[in-house]
Amino acid sequence: MLGEGIVKGLIETARNFVGSYVDKDRLVTVQYPEERNPLPEAARNFPFLLYDGDDPEAGLRCVSCHICEKECPPRCIHIEKSTDKKPDFVGKQQFYPKVFNIDVSVCMSCQICVEVCPFDAIRMDKEFELSTDDRFGGLLWTKKELAKPNEYYQKIHPMEAAETDARRAEELKQTQAKAAAAAAAAAAKAAEAAKAAEAAKAGNGAAGKEPSA
Amino acid sequence: MNGYFAMATGLAERVDQIFVTFDHWAVTNTPEPLRWLVSILLIVVPILAVFPGLFALTTVLERKGLGRIQNRYGPNRVGPYGLLQPIADAVKSLTKEDVVPRTADGVVHYLAPLVIVSTAFLAYAVLPVGRNMIAVHLDAGLLFFFAIGSATELAVFMAGWSSRNKYSLLGAMRAIAQMISYEVPLILSSIAVIMIAGTLSPEKIVLEQAQYTGIFPHWYVFTPWGFAGFLLFMTAAAAETNRSPFDLPEGESEIIAGYFVEYSGFKFALFFLAEYLEIFAVSGLGITLFLGGWSAPLSFLAVIPSWIWFFAKLLVMIGVFIWVRGTMPRLRMDQLMNFAWKFMLPMALIDMVCAGVWRFLPGGALWVVLRWLICAAIIVVPYVALARGLEQGRKIEQRVYRYAEEG
Amino acid sequence: MSGKSMMEESAIGLDEQMGATYGAGRHTLKPDAEHESQILEVAIGPQHPSTHGVFRMDVQLDGERVVRLKPVFGYLHRNHEKIAENAAYLAAIPYTDRLDYLCSMTNNWGYVLAVEKLVGIAVPERTEYIRVIMAELTRFQNHSALVGFLLQDMGASGTPLMYAFREREKILDLFEAVSGARMMCNYLRFGGVRVDCTPEWLEETRQLVGRLPRFVDEFERLLRGNEILMARTQGVGVLPRELAVSAGVTGPMLRASGVNYDIRKVDRYGIYDRFKFRVPLGEHGDVYDRYMMRVLEMRESIAILEQALKEIPDGPVQDPKTKVRGLRPKVGEAYGRIESPKGELGFYLISDGTMNPYRYRVRPPCLINLTILEDMCLGLSVADVVVTLGSVDIVMGEVDR
Amino acid sequence: MGSEVMEQELKDLKVELSKHGIFTTTLEEVYNWGRKNSVWPLTFGLACCAIEMIATSMARYDIARFGAEVFRPSPRQADLMIVAGTVTKKMAPQVVRLYNQMPEPKYVIAMGACAISGGPFRDGYNVLKGIDRYIPVDVHIPGCPPRPEALLHAFITLQKKIDAQQLRGAGRARHLKAETPSEYPVPDFGSHDLEPTHNDEVFPPRPESPFKVLP
Amino acid sequence: MTVSFVLLALLTLSAAVAAMSMPRLIHCALALAVAFTGLGGIFLNLGAEFVGLAQLLVYVGAVAILIVFAILLTRGSEVSMRPGARSAISGTVIALAVFAVLAHAVLTSGVSRMATTAVTPSNRVQEIGVTLLQQYVLPLEVIALLLTAALIGAVILAWREKSPAAQEGAETR
Amino acid sequence: MSSPSIDPVGVDVSAEAIRAALVKGVPGCEATVVENGSPSAQHSLLLDHEHAVEAATFLRDHAEFRLDFCSNVTGVDWPDKEVTEKVKVTKVVDGPDGPKEQQVEETRKTLIPGYLETVYHLFSMEKKHGPVILRLRTANRGEGNHLPSLTPVWRSAEFQEREAFDLFGIVFDGHPDLRRILMWEDFTDHPMRKDYVPPEEDEPVMDDGCAPGSSAEQGAAGQ
Amino acid sequence: MPEHPWRTVIALLIGAVAFGITPLALAHLWALYFSPKKPGPEKNAIYECGLESKGDAWIQFDPAYYLYAIIFLIFDVEAIFLLPFAVAFTGLSMGAAIAMLVFLLLLVEGLIWAWQKGLLTWA
Amino acid sequence: MNPLSACLIVAAFLFCVGLAGALSRSSAILVLAGIELMLGAANLNFIAFWRYGALAAVSPFHSLTGIVFVLFSIGVAAAEAAVGLALILAIYRYTKSCNVTQITELKG
């Protein structure tokens, strides 16, 4: 009968109209600036650089290996390697990025840089409120804007961060153990050497400073 | 007890007639030479204030209502509950640059929105919005309404043609074809009412319906021909005013924005205003003809002022329009025309005949039910036949689907 | 002065253009020698509410009847293939996300499948299940969005689209929870997926899948019996079976024309042979059939999802032997294809033994499904053209690449 | 003597201005309030971001709350152009033409990496490296694609920007100055590239920007 | 003779002159619609309510539309629409002559000295209906016949026979 | 994963079988099997220009093959290759003690002329098998860039051949509507060719001369 | 009031025109004082989906519209005769009603003819 | 001048405008429009005589004759317009012109 389907449709919309006043499922709007749906742990938007400790310069995990730069599909990362080195979290001497720029106006949020980074130095941020009227200044992020402390990472990706931290702690422990072993070996050697000769101070210091990789 | 009742009805009467009384008071207290001016102003100004106000309200209600149908809020930030939204829109439109295409016909382009708005306003002259509340007492009030309404077609044509835009011309042609096709059933379905009421004057038609048997009113919508006529009338009204599902002339997905593609700023707003004014006017006429105008739905509810009833009914009608808009897709041009000529027009003619039969059948006690049934049959049988014809002629059916055999 | 000459011009031009009729099974609608009304040339698009992006149709109208329709592409030609040929194999995955931007998961799968063929990679069991789950969720959201867009093209004021997106958001939430992004998931990897899904995620998905049939029911109540919808779609944009096959039309559109060809069944890629699901077939090949194919396939997707979510085993999600980064296939070539929601999505790769593919080619279902757009649309009105285009289900990112 | 007259005139002007001051201020407030609360976007999607733009107008995010769900398909009635997606060189002239055909005041949001800079596709031979090469952009949203919330945020940013605009004085909004153009040249299709490749008037966007265009 | 009559007459006549002299056909049609409106206004002014409104309904609502459609359908002819100088002059001269004769007749006949009734004759719609159906039944039926004949005739004239295939399609629908 | 090239019923659609059928069914047809070294083992058939359309029609209408579905058509560019090989040549060298035959190692450069290639992936919707891969090669990359069009056989090739024309500059003789499809009409290059150089773009750069986020090597990345 | 119904209608008409003109004038004033109009060759070109508009919109149109206009005209005139009849209907005899029925049927005949000819089917 | 003769003068002028148009304009459509104007002028005369004529006073039986006549006239005019324009359309279809002079020329 002509009109039957139309009436059915009308009933359906009426149900939704009335439902919007009583049923949470039929009023799904999240009123954005005031209300927000929590972002899932995995959510990603743009990369940032992690640093340990308080000093974004000294604690920066990036060792300027250029892997992310090469793998970045849209090639939005620009790194310039430093000429000198600084110790990383396990105390190994590493280069650091003199310049680390990410052009977020190009970044496609693919997370490949995070995947390929062997140093846990780059991670994805969840921040998305980045609209700006400054075309270049606001969208070219330098090392200063990119560096975020590990605590921030722990806050936005708790599970992932815990895993990374555990792994790094393990790594650190291993390195320290190795260093300790090396130190012990060196000490033993030194003791031997001391027995053989009297000059043992210099060797001790060198062993402590340079753990075998 | 009786005294209270009388007092209550007296008070109700007073409230009901408050505007009329004020009108009289103001006119009689004006010095003689200015009297005509005041009396006219007291008619014109309320119309020019109330209905555009209603338009503003409706735009926001429509947006919110659609929102609710679609599981969302709709405008709710501009002013309390988003009610100031139309004012913001008006300010924006007012200060927006006005662009007229180089090759357009400037004068006609400028005149089109003015013509369409003025004719839309004129229709309110014969609309009784309450007891004794009608702007102009015309013997041929309904004819006036239709005559004024027919000027809209030319205005639409002016808008579409003068823009010299392909979409707008297509939209205008669609709009005219649609309007002329649905104007016939619109007039014919109201003729049934005229036949029974015996007058072209809207106020008298309302008075005819404002009688009660027991507590039930004599609205024409409660008769078979009236019910069918009401549906036909409102369908034709939706088409006349380009409302969904008949909004082809401004079918966004096909011809961008129809005949006002090239209009910007407040001229565009005027088109919208006119469109909504027409919706109100023609809904108001539908209410007047079939739903008892300003009369209360039950006799004891007459204590509520008549104008409240009128506007309440109008709001309900607007609500239905919004509801339909939120539900239905749009018809296609040929379907629209077929529907008008092959369904609406025959049904309207049959409805007229039905009204004639109703009048000539005796209204005695036994006959009440019989008359009702006979008239209902006169309506329903052709309805089924015509609907079948529409469906089968176009091979429209719910299909059953097969699945590939498992391989 | 201009009137007459222009009329003649357009008439002559039309005749010339009409002279060039060609092709197997191509319909032509020759305008009558003496034209009652003048031909109106209208461009629909590139900015038009119903061309689903930046598509353009140069239409010639006789009144409202279409006598000629030329699709114009390239407004979103983003050089996907060239970029992928200049990048490593891995770097192409996020670009495939942006091909058919409604269905990043299936795009990933198509590409990953081609690379797996090229290199010869085995995929862990659990991964296969995850891929099926993702693909079917994608298919579901794509089809529901399509039905919404189709109704939008028909002039419904957004309601079906809103309902479709309401459900789509829920599916996108799932995608985001597992892959980190709503639309551009970049989730699949050669020989696996990037990260495993958690048991909680699977549980949430199960719950959502349990609720999806209700949504389809609502959709059907709203639309299926609607007389206007039926009148607008039945008998409109008919695609005959032979033409569909010749034109290489694939996906629901092909099946609406009655050809039983579903790559999930034909190639049995992944683990689709383990699931029981049916392939709905249309009879008339019109817009209504195409619309109904989507609705019925949504139900089949739910069936597959239920089975997959029940049977999904534990295990690794990445083939440990596969080098995801720095992949260097042997010299050779491979063509891999999947049944994406829109049709056959194929990837053709030629390796010259370097880190970058020598030739990277996408076989876009949308573009090829558009081949017969003109044949379907001739003689229809503009409104029908819009609906017919809507029923093809195009995404310009894939058409133009 | 001349300077005295000037001073007197200046004083009169100040008095006059202060008389009108309140009026102008309130007018400005109303003007900005109306504009910012009634931003009608052009129905115009280019690529992936368009889907997120649509999602923004859908039930979950509901841009209608800000009164901006009135997507107008005709540029004549639109205030805001959301460049949502990759602008290819083939499309760029059309985008510029649509912008030109919008009446003042008009705003542009470049949504997503592609619209800002060509984004991931900037190495492509057919991809325009940012729409701001041809038309001025008010708000940029990075992201690929930006979340619907990000678009809402950009919208709010635009509202703030509108709200801060002055009606009078040298610092008045761009569209209120008679000398600033309202339409920008539409590039032509060349045999290898668009001609010209950018519009010097708008690109780079700020004179004080540290960026320069090298030939 | 009231102010309103003069205004309406001026409107009608100037619109009529415009309708007959404007170069662009569509403008002519629109001016013609204004002239019809003015004429309807004069009817109303004279107290003939029903007829005035009927004039508006039919002429502005339908005849004007018909003319507009006819113009749009025969667009090729819009080219040389300026009245040719010779025919314009001769036409105007003839018309002026006719006007002179008519005006002379009006002014010299007894009409101008006739006493005019002060009251408007009753013309309630109901009375029109009764008159129509009691006194003028036959003309009414003849008008119906005429209208039907006009419908059929006009349609046959305007309708181009479709190709057999198209007609078949139309019939099966 | 089941092998897609063998149909469950058992029609052999391997390249070799197709070649045998072609040579028998289309007289004069030269079909060569092109081996594919990858694990996918999708070998292809190289057809000659003269018989390509005939062979395609034959394959489409063949009762057993019924390759009615031409899925994928694409161009491939193989630019001129300079092969450098070291060859030991015996030469007569004027030594201090008279002419003398000597083994000299010489680098010889041979220029292998490039060509453009079109690849067709065929399947059968009726028999549900495939793919059968056809290849056509042009004479060279310059004037001889002509190939017969297979659009008259399969409609699905229409847009894809246009695309190959647009992006690779392969001219398909017999194509009904060979225009540029993705780039604009006035565009003169064929960007998917390996030697295409994109136009120089004005890049905004910072004062220190480095473009935002893009380093020097990225500037060249587009090529 | 009742004695001058048309005066009110005229006043309403004037009011309505003023209602339309006032905002347009205000907008014009606004443009004059604050926001200068900036017309341009591109801006004031015809809109056509972002392309340059080719060909003219003012072309010869589809005759299908004309057929409907004719039928509409005939039925419009019919309505003019029906209205007085309908008003008088309550006081009329059966004979008069039948006369009107004949009138109606004559016109319906035209409609049926058009229907059968397939004229009412939009081409 | 009494109102009746004023009406008659206006009607006469309207008639002559229509006549002038019909005679001088070359477009057949405008010729038809001119004829419509002339018919309108005639209607105006009917109404004028109905309003000011003495007939109503003389015979109440004929008091509405003018009105009814105008109604019939409107009907006839509408029929004329429909057929006339259709005729123009039909002629236009064959001659591709609705220029009156051209049409006569073509007919020879």
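Student: Which residue is the bridge partner of L80(D) in β2(D)?

Tutor: Y107(D) is the partner of L80(D). Strands here are DSSP runs of E, at least two residues, and helices are runs of H or I, at least four, numbered from the N terminus. Keep in mind that this is a predicted model, where local features need pLDDT of at least 70, side-chain atom pairs count only at pLDDT 80 or more, and totals for chains, interfaces and linings use all residues. Residues are numbered from 1 along each chain as its sequence is written, chains are lettered from A and ligands numbered from 1 in the order written, and side-chain values use heavy atoms, without hydrogens and water.

Student: How many bridges join β1(D) to β2 of chain D?

Tutor: Five, and the two strands run parallel. Strands count as paired if DSSP finds at least two bridges between them.

Student: What order do the strands of that sheet take?

Tutor: β1-β2-β3 in chain D, an open sheet with parallel pairing. β1 (80-84) and β3 (139-141) of chain D are the edge strands, each pairing on one side only.

Student: Switching to chain C: is V395(C) buried or exposed?

Tutor: V395(C) counts as buried because its relative accessibility is 4%; buried means under 20%, exposed over 50%, partly exposed in between (1.4 Å probe, protein chains only).

Student: Where is V395(C) placed?

Tutor: In the loop between α15 (382-392) and α16 (396-400) of chain C.

Student: And how far is its C-alpha from that of L102(C)?

Tutor: The C-alpha atoms of V395(C) and L102(C) are 7.9 Å apart, though 293 residues separate them along the chain.
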